[in-house]
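Here are my notebook entries from an afternoon of looking around inside a protein. Come along and check each one with me.

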Amino acid sequence: MDSLNRCFLLLLLLAGMTACSDDEEQLPVVPMAERRLPAAEYEPAVAVLMHEPGTEVQGYGGLTKVFDVEAMQQEHRAYVELLRKNGIHVYEAGSLLEGVSLSGLKGFYFTRDQSITTLRGHVLCRMANSQRRQEPELIRQCYRRMGRSVCYEVKGTDSRLEGGDYLPFGTLAFIGEGARTNRAAIEELMEADAFGHDTVVVVKDRLRHSLLMHLDTYFNIIDRDLVTLPASRVAAAGDSPRYVAVDVFARGVGERAYRQVAADVSLVTFLHDRGIRIVELTADDETNYVSNFLCIAPRHIIAIDRMSQKTREVLETLGVTVEQVKLDELTEGAGAAHCMTQVLSRASAVK
């Protein structure tokens, strides 16, 4: 065989090694507008991942609980439509997983929980609830079919991480340590540099209420200088289960390793020292999942339609746009607007 033919054969072999076969899945390319990872909860939302619940929800919350699936779907579709009216692209997990059985995945419609989207990319969680352990793998499939990749997955046998405990806030990130996320997972993420933020604020929940199990059910972000927290937690004394303390980990520019720079600091004090105002929610707001809103732009939120008049008036005076959505049946699963959305990308918020 002469040298020309040998070169031609080599090119054919290389092409065969790199080209996709006819039956290999052709993955889409992530649109340019959706490539920017969320740096903060208050940035304008661009794309989210959601899942319309189906018959798999039956039995969630106990064997005697019976959901009105049709009502749940109507509420979910209204929420999706509201997001789309605000220019947000909504990916549907059910469509991405067409042909995959979701039987028994009762909490799968809370797409916030199975992963977190950090400055590094999509991180798969390790669920605390054993009934939901297989959900992150399905979310991995969703990301793949969207043309996205996972940058890290929690591996530690003792590590537990759920997405409702992570709230990005620019150069820092809030991460809840409580009923569903533990210190082992948080330390694993810091060691792997999976956050990407230079400061990690570990918010320690003593209350560990069965229906308020994630950080986003009692604390949330509206803007770079505005957050919400129940009045009972703001006023709580240091020995109260409602008192919220934080441990702070930081690193210098160009450093990889974090070091602890503060321990057991009051969350209220931490926020006030940074000029961040707290909107104090009423007791009814807390139990009605008003704190579990989705911020879609600076001072623009979508919240459940049970917000108290007092809170609405305070937010109005602060220039906050509040769009309300009916989620009566969906919240029976213990979550609301924030829990049902995994924000995949946000645009830069310039002020």
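I began with a word I needed: buried means under 20% relative accessible area, exposed means over 50%, and partly exposed is in between, with a 1.4 Å probe and protein chains only. With that in hand, I looked up two residues and found that tyrosine 109 and phenylalanine 110 are each buried.

A note on sources: this is a predicted model, where local features need pLDDT of at least 70, side-chain atom pairs count only at pLDDT 80 or more, and totals for chains, interfaces and linings use all residues. Residues are numbered from 1 along each chain as its sequence is written, and side-chain values use heavy atoms, leaving out hydrogens and water.

**Entry: the cores**

I looked for nonpolar cores, meaning sets of buried Ala, Val, Leu, Ile, Met, Phe, Trp, Tyr and Cys residues joined through side-chain atoms within 4.5 Å. The largest has 67 residues, and Leu83, Phe174 and Phe219 have the most contacts inside it. Helix H2 (residues 69-85) gives the most to this core, with six residues; helices (H or I, at least four residues) and strands (E, at least two) are DSSP runs, numbered from the N terminus. Apart from this core lies another, of 20 residues, including Leu161 and Ile186.

Which residues does leucine 83 touch? Leaving out residues up to four places away in sequence, I listed Val48, Met50, Ile88, Val90, Leu294, Ile296, Ile302 and Thr341. Contact here means heavy atoms within 4.5 Å.

**Entry: the rings**

Rings of Phe, Tyr and Trp (its six-membered ring) pair if their centres lie within 6.5 Å; planes under 30 degrees apart count as stacked, over 60 as edge-to-face and the rest as tilted. I got six aromatic pairs by this rule. Tyrosine 109 and phenylalanine 110 make a tilted one, 4.2 Å centre to centre with 35° between the planes. Phenylalanine 174 and phenylalanine 270 make an edge-to-face one, at 6.3 Å and 85°. This pair links distant parts of the chain, since phenylalanine 174 is in strand S7 (residues 172-177) and phenylalanine 270 is in helix H7 (residues 267-273), 96 residues apart. I also noted that both are buried.

A charge sits over a ring if NZ of Lys or CZ of Arg is within 6 Å of the ring centre and within 35 degrees of the ring normal. Arginine 274 lies over the face of phenylalanine 270, 3.6 Å from the ring centre. Last, I found that tyrosine 289, not a glycine, has a positive phi near 65°.
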